[in-house]
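Please have a look at the picture before I start.

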Amino acid sequence: MVKLDLHIHTSYSDGVFSPRELLELLQQYSYDLISITDHDTIEGCIQGMKLAAHYDVRILPGVEVSSLCWGRDVHILGYGFDIKNKGFKSFLHSIEKGRLQRAKKIVKLLAKEGKSLDFRDVINLTGKLNMVGRPHIARALIDAGHCRDTKDVFDNYIGEGQSCYVAKPAPSSEKVIEAIKKAGGVSVLAHPYIYRDDDMVQYLIDIGIQGLEVFYSRHTNEETARYKKLADDNGLLKTGGSDFHGHGSDLNFFGFFSAPPSVAEDLSEYIEKCGI
Ligand code: AMP
Ligand code: ZN
Ligand code: FE
Ligand code: FE
C-alpha cells in the first residue's frame with residue numbers, strides 16, 4: 001500500500017519546519033511518496049530532494065503557485081516539472097517579489113485599524129527567503145497581543161473581503177497553467193472546496209487545468225465525492241495532500257493522512273519522467 005502526501009509546506013514559504021526537519025519528522029510515518037509544495041518557490045523542494053535518499057522517501061517536484069481568477073486568489077499546484085527550468089524559476093521569482101510590497105501595504109492598513117506592527121518583526125518570522133505571507137503577519141499580530149488567534153486575524157482583518165486584505169499581485173490562472181505545462185509539469189487545482197464557487201472550478205477546467213486535489217485533508221466526505229465525480233466526468237487527474245504547515249493543530253493530523261494509491265498511478269507518467 002503506497003502512502004502519500006502531495007501537499008506539504010516548509011520554512012521556505014510559510015511552513016514551520018525546514019526541509020530537513022520535515023524529513024526527520026516524517027521518518028516515523030513511513031511515507032513512500034511526498035511532495036513539497038511551497039507557495040511560489042521550489043527552493044525548499046530542491047533542498048528536500050537532495051536529502052531524500054537519506055530518508056528513504058521519494059519526493060515528487062512540486063509547488064503551489066498563486067494565481068488570480070475572477071479577482072480571487074486561486075492556488076494551483078504544479079507537479080513533475082523540470083526543477084532546472086530557468087524560465088519557470090524566474091516566473092516564480094516574479095510572483096515572490098510582489099509579496100514584500102503587498103505585506104507592507106497590509107501592515108499600513110493594520111496601523112490604521114490601531115494594530116501597529118514593526119515590519120521587521122514580521123520579516124523576522126519568515127524563513128530563509130524572506131518569503132512573506134499572511135500567516136507571518138497573523139503570527140506577528142498575535143505575538144504583539146493585537147489579536148487572539150489566527151481565526152480572529154483572518155476573519156476580522158486580513159482575510160478576503162476584510163478591511164486590511166490586499167490581493168497578491170499574481171499572474172492569471174491561465175498564465176500559471178501554461179507556465180507549469182511549459183516546464184513539463186501537470187497543473188492541479190488545490191483545495192477546490194475553499195472557493196465555495198464550483199462555477200469558477202468549472203471555468204478553471206475549461207481553461208485547461210489538468211487535475212483536482214480531490215483528496216484534501218480538510219474536505220468533508222461529501223466534498224471529496226463531489227470533486228472526485230467532477231474530475232472523473234472531465235477526465236482529470238486526482239491528487240491529494242494534507243497542506244501541512246506545521247502550526248498548532250496541524251501536528252494532530254500530520255503523518256496520518258494519505259491520499260489513495262490511485263494518485264500515484266494517475267501521476268505515474270510524471271513520476272517516471274522525473275526519475276524518482
Ligand atoms: P498568502 O499566500 O500570503 O495570501 O497566505 C495564504 C496562506 O494563508 C494560506 O496558505 C493559509 O496557510 C493561510 N490562510 C488563508 N486563509 C486563512 C484563514 N481564513 N485562516 C487561517 N489561515 C489562512
Ligand atoms: Zn501557506
Ligand atoms: Fe493553498
Ligand atoms: Fe498549501
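Predicted model: local features only at pLDDT ≥ 70, side-chain atom pairs only at ≥ 80, totals over all residues.

Where is the place of histidine 191? Histidine 191 sits in the loop between β6 and α8, where helices (H or I, at least four residues) and strands (E, at least two) are DSSP runs numbered from the N terminus. Residues are numbered from 1 along each chain as its sequence is written, chains are lettered from A and ligands numbered from 1 in the order in which they are written, and side-chain values use heavy atoms, with hydrogens and water left out.

Staying with histidine 191, this residue has a positive phi of about 25° although it is not a glycine, and its relative accessible area of 4% makes it buried, a word that here means under 20% relative accessible area, with exposed meaning over 50% and partly exposed in between (1.4 Å probe, protein chains only). Arginine 196 also has its place in the loop between β6 and α8, and it too is not a glycine, yet has a positive phi, of about 50°; at 61% relative accessibility, however, arginine 196 counts as exposed.

Let me turn to the metals. The iron ion (ligand 3) has Glu64 (OE), His75 (ND1) and His191 (NE2) as its protein donors, at 2.0 to 2.2 Å. Histidine 75 belongs to strand β5 (residues 72-79) and histidine 191 to the loop between β6 (186-189) and α8, so the two of them tie together parts that are 116 residues apart in sequence. Donors are N, O and S atoms within 2.8 Å of the metal (3.2 Å for Na, K and Ca), and, as water is not among the atoms, sites may look incomplete. Between this iron ion (ligand 3) and the zinc ion (ligand 2) the distance is 5.7 Å.

The iron ion (ligand 4) is coordinated by His7 (NE2), His9 (NE2), Glu64 (OE) and Asp243 (OD), at 2.1 to 2.2 Å, and along the chain these donors follow the spacing H-x1-H-x54-E-x178-D. Why is the arrangement around the iron ion (ligand 4) irregular? The four donor atoms subtend angles of 79 to 166°, whereas four donors count as tetrahedral if all angles lie between 85 and 135 degrees, four count as square planar and six as octahedral if opposite donors are over 155 degrees apart and all others between 65 and 115, and anything else is irregular. Histidine 7 is buried, with a relative accessible area of 0%, and histidine 9 is buried at 1%. The zinc ion (ligand 2) and the iron ion (ligand 4) are 4.7 Å apart.

Finally, a word about strand β6, in which valine 186 has its place. Valine 186 is buried, with a relative accessible area of 1%, and, leaving aside its neighbours within four places in sequence, it is in contact (heavy atoms within 4.5 Å) with residues including Leu77, Tyr79, Leu237 and Tyr270. From valine 186 to glutamate 113, 73 residues apart in sequence, the C-alpha to C-alpha distance is 42 Å.
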